[in-house]
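Biologist: I would like to learn how to read a model like this one, feature by feature. Could you walk me through it?

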Amino acid sequence: MTRLPLLLHSPRFAAALTTPPPPPPPLPPARRLVAAAAGGDLSLAMSAATGEYPVPVSPPYPAASKDVELRRAMTASARSAAYSSAPVVFEDEWLAVVDKPAGVYCDSLLSALPCSAATLGDEATKPNLHLANRLDRDTSGLMVITKCNKVAGKLVKAFTEHKVKKTYLALCIGYPPAWEKIKICSGHGRSKHGAWRMYAMSDVGRSLPGGSVVRDMSTRFEVLGINGKGQFREPSNFEVDETESITVQEKAADLTSDGDEKNSIILVRAYPQSGRTHQIRLHCQYLGFPIRGDVKYSGVIEWNGVDYDGHALHAESLSFVHPVTGLPVTFRSPLPSWANEFISTMA
């Protein structure tokens, strides 16, 4: 071991004791976030410096997903370019709620929103359209388009602060859950390869490659039907104490079955409490019943002899306070064909 010499009696050392040290340089943004999230825990801030990043608890994308996703993206680009008329669920002078089809990019809805005859060709009165929320390419359902900057700012803020209540329907293939309702909480972030992954809740606030941090996400689920048995019902307002709760701290246990249990068809409703990218898809994968057609997150893309060109996820309802009138409003989307088909078999 190399020992440093004692300099207690050195004039240079004495001068150092009387001269105040220069202020430390400011932390980079990512490290400032880590330190703040950890309440000043130096060990977390040092993880970024040493390369000790948190390990995801969800698996990486399967190798086959790259080609499938590329094919789906090319198909969606062609569909989006030709998309000309978005189905309108509700419209007033400030906003419109439209029903996005699967396999179409969100931005195509802006040009596909029907304009009233009064504004056609009149640039002075043409609305300034903005997307207040976004859906994945293959997710169908409700989206809100605002018509002026002020309303856009209010609604985007409401979505960001989780003041908009949302429900989704998902058709899944996997292990049937033993619970009827559950809440799952986990971390969320991008891995070193840029893929969205789940992380343990204990990793929330830790730095990730690229300068981002692990953020929290939570979703409530209720089972509506399994293998044709069950009852479709309206969205509920169940409280936290009515549900089981899972706080993710490690990888999901490997599920095994001797029969066809792992190939059960499950219809669930999701109530996302946060708005993270691919949140519901990641949580369904972790719970053992990935969404049908969701090639990124372990979902089957061929089922009963049918190849699916997208995942079975639908944005069913939106509830929020109208940004201008101040009145509470709720909107429901017509059910997609795959949901109607499953519901018709339920007994």
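**Reading salt bridges, a helix and confidence**

Modeller: Gladly. Aspartate 216 has a relative accessible area of 38%, so this residue is partly exposed. Keep in mind that the model is predicted.

Biologist: Which residue does the side chain of aspartate 216 meet in a salt bridge?

Modeller: The general idea is that side chains of opposite charge can pair when their charged atoms come close. Here the partner is arginine 276, at 3.6 Å from N to O. Arginine 276 sits in the loop between β11 and α7 and aspartate 216 in strand β8, so the pair ties together parts 60 residues apart in sequence. Arginine 276 counts as buried because its relative accessibility is 16%, under the 20% cut-off.

Biologist: How many salt bridges does the structure hold?

Modeller: There are 18. One of them joins aspartate 309 to arginine 79, with the closest N and O atoms 3.1 Å apart. This pair links distant parts of the chain, 230 residues apart: aspartate 309 is in the loop between β13 and β14, and arginine 79 is in helix α4.

Biologist: And where do glutamate 316 and arginine 332 lie?

Modeller: Glutamate 316 is in strand β14 and arginine 332 in strand β15, so their pairing ties together parts 16 residues apart in sequence. Their salt bridge is 3.1 Å, N to O. Glutamate 316 is buried at 0% relative accessibility, while arginine 332, at 31%, is partly exposed. Both belong to one network of salt bridges with shared partners, which also includes Glu180, Glu222, Arg233, Glu234 and Arg269.

Biologist: Now helix α4: why do its buried residues line one face?

Modeller: In general, an α-helix has 3.6 residues a turn, so residues three or four places apart point the same way. In α4 the buried residues are Ser65, Val68, Glu69, Arg72, Ala73, Ala76 and Ser80. Seen down the helix axis they fall within an arc of 130°, so they line one face. These buried residues pack against α5, whereas the face turned away carries the exposed Asp67, Met74, Ala81 and Ala82.

Biologist: What span should the 18 residues of α4 have?

Modeller: At 1.5 Å a residue, α4 should span 26 Å, and its end C-alpha atoms are 26 Å apart, which agrees.

Biologist: Finally, what is the mean pLDDT of the chain?

Modeller: The mean is 84, with 79% of residues at 70 or more. Over residues 27-46 the pLDDT is below 50, and this stretch has 21 contacts beyond near neighbours in sequence. Residues 116-121 are also below 50, with 3 such contacts.

Key. Residues numbered from 1 in each chain as written. Predicted model: local features only at pLDDT ≥ 70, side-chain atom pairs only at ≥ 80, totals over all residues. Heavy atoms only, no water. Helix = DSSP H or I, 4+ residues; strand = E, 2+ residues; numbered from the N terminus. Expected span 1.5 Å × (residues − 1). Buried < 20%, exposed > 50% of the residue type's maximum accessible area, 1.4 Å probe, protein only. Arc of directions from axis to C-beta. Contact = heavy atoms within 4.5 Å. pLDDT = per-residue confidence, 0-100. Salt bridge = Lys/Arg side-chain N within 4 Å of Asp/Glu carboxyl O.
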